[in-house]
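Please walk through the fold of this protein with the model open.

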Amino acid sequence: MRSALLGLLLILPILSGVAVAHEPDTFTVIVREDRHDPAEVNLIVNDTVQYYNVDSRENVTHIIGLDLNGDNDFDDEGEFSSGVLHSECDWDNDTDCRVAWIFVINDTALVGNYILSDLRSDGTEIEVRLNIGEDIHPTSLPEIGECFGDCEEEEEETQMKRSSQTDLQKAMMLAGMTMFGGASVLLLAMIMQRS
Ligand SMILES: [Ca+2]
Ligand SMILES: [Ca+2]
């Protein structure tokens with residue numbers, strides 16, 4: 001009985017999570033000798049994209065990734081890559097060998113439009129596009145008070161922006177009042193001079 005209850009408790013959050021989240025899709029890109037099919041992929045967070053290398057030229061491998069600083073590698077800050085992709089593998093002797101890059105988009109930090117590079121071992125390179133959008137599902141927004149990730153930070157930021165705007169408004173109102181006051185005094189002085 002207790003274990004059944006425990007099981008239910010464990011399953012419930014998973015079920016509710018699945019119910020509100022976007023149904024994950026998997027996109028496949030065929031990495032060829034001269035191009036990718038398709039050359040551009042549009043997906044959203046929770047989707048998966050897999051790049052299959054079918055370039056069977058001898059000793060030619062591919063590495064696909066984001067080269068932010070353009071130095072022809074993928075090991076700098078904010079960069080990511082597939083690792084070396086072969087067209088075929090001898091897994092008996094090389095268990096680390098890969099023919100595909102299965103890229104699971106499981107982090108909202110990845111949202112953005114990327115121009116990835118496919119660096120081939122023969123020294124050539126092509127650009128491919130990967131557009132990652134947010135998983136927006138308006139019918140199932142989190143309830144007020146519920147938090148996803150670092151929302152505390154966001155709230156603080158909004159409050160800070162708001163308070164600085166209010167200060168600016170106050171300053172402008174004060175300046176306006178001062179000017180109006182000054183103008184009134186000037187007007188009064190002119191009237192008094194005439195009369
Ligand atoms: Ca780099
Ligand atoms: Ca580098």
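Two residues are in contact if their C-beta atoms, placed from the backbone, lie within 7 Å. Leaving aside neighbours within four places in sequence, Ser117 is in contact with Gly65, Asp67, Glu125 and Glu127. The model is a predicted one, in which local features need pLDDT of at least 70 and side-chain atom pairs count only at pLDDT 80 or more, while totals for chains, interfaces and linings use all residues. Residues are numbered from 1 along each chain as its sequence is written, and chains are lettered from A and ligands numbered from 1 in the order in which they are written.

The protein has two helices and eight strands. Helices (H or I, at least four residues) and strands (E, at least two) are DSSP runs, numbered from the N terminus. From that terminus on, the order of elements is α-β-β-β-β-β-β-β-β-α. Of the contacts with a separation of 6 or more, 47% are between residues 24 or more positions apart.

The strands can be taken sheet by sheet. Two strands count as paired if DSSP finds at least two bridges between them. One open sheet of four strands has the order β2-β1-β4-β6, with mixed pairing. At its edges stand β2 (36-37) and β6, each with a single partner strand, so one side of each has no neighbour in the sheet. The pairing of β1 and β4 is parallel, over six bridges, and Ile30 stands opposite Tyr52 in β4. Strand β4 (residues 48-53) and β6 run antiparallel and are joined by five bridges. Within β6, Trp101 is the bridge partner of Tyr51, and Ile102 stands opposite Gln50.

Another open sheet of four strands has the order β3-β8-β7-β5, again with mixed pairing. Its edge strands are β3 (40-44) and β5, each of which pairs on one side only. Neighbouring strands of this sheet are turned by 20 degrees against each other on average, direction ignored; the axes behind such an angle are lines fitted to C-alpha atoms, for helices over the stretch in contact, and angles run from 0 to 180 degrees between N-to-C directions. Four bridges pair β5 and β7 in the antiparallel sense, and Asp118 in β7 is the bridge partner of Ile64.

Next comes burial. A residue is buried if 20 or more other C-beta atoms lie within 10 Å of its own, exposed if 12 or fewer, and partly exposed in between, with C-beta atoms placed from the backbone. Buried residues make up 12% of the 195 residues in the protein. A nonpolar core is a set of buried Ala, Val, Leu, Ile, Met, Phe, Trp, Tyr and Cys residues joined through C-beta atoms within 7 Å. The largest such core has 14 residues, and those with the most contacts inside it are Tyr51, Ile64 and Trp101. The elements that give two or more residues to this core are β1 (26-31), β5 (62-65), β6 (100-104), β7 (112-120) and β8 (125-133). In soluble globular proteins, nonpolar side chains tend to be buried together.

Beyond four places in sequence, Trp101 is in contact with Gln50, Tyr51, Ile64, Ser82 and Leu85.

Asp67, in the loop between β5 and β6, is buried, with 21 other C-beta atoms within 10 Å. Not counting residues up to four places away in sequence, Asp67 touches Asn72, Asp73, Phe74, Glu79 and Ser117. Asp67 and Glu79 are 12 residues apart in sequence and 6.0 Å apart in space, C-alpha to C-alpha.

The last points concern the backbone. Most residues other than glycine have a negative phi, and most peptide bonds are trans. A cis peptide bond joins Asp37 and Pro38, with omega at about -5 degrees; Pro38 is in the loop between β2 and β3. Asn59, in the loop between β4 and β5, has a positive phi of about 60 degrees although it is not a glycine. With 8 C-beta neighbours inside 10 Å, Asn59 counts as exposed. Asn72 lies in the loop between β5 and β6 and has a positive phi, near 65 degrees. Asn72 is exposed, with 11 other C-beta atoms within 10 Å.
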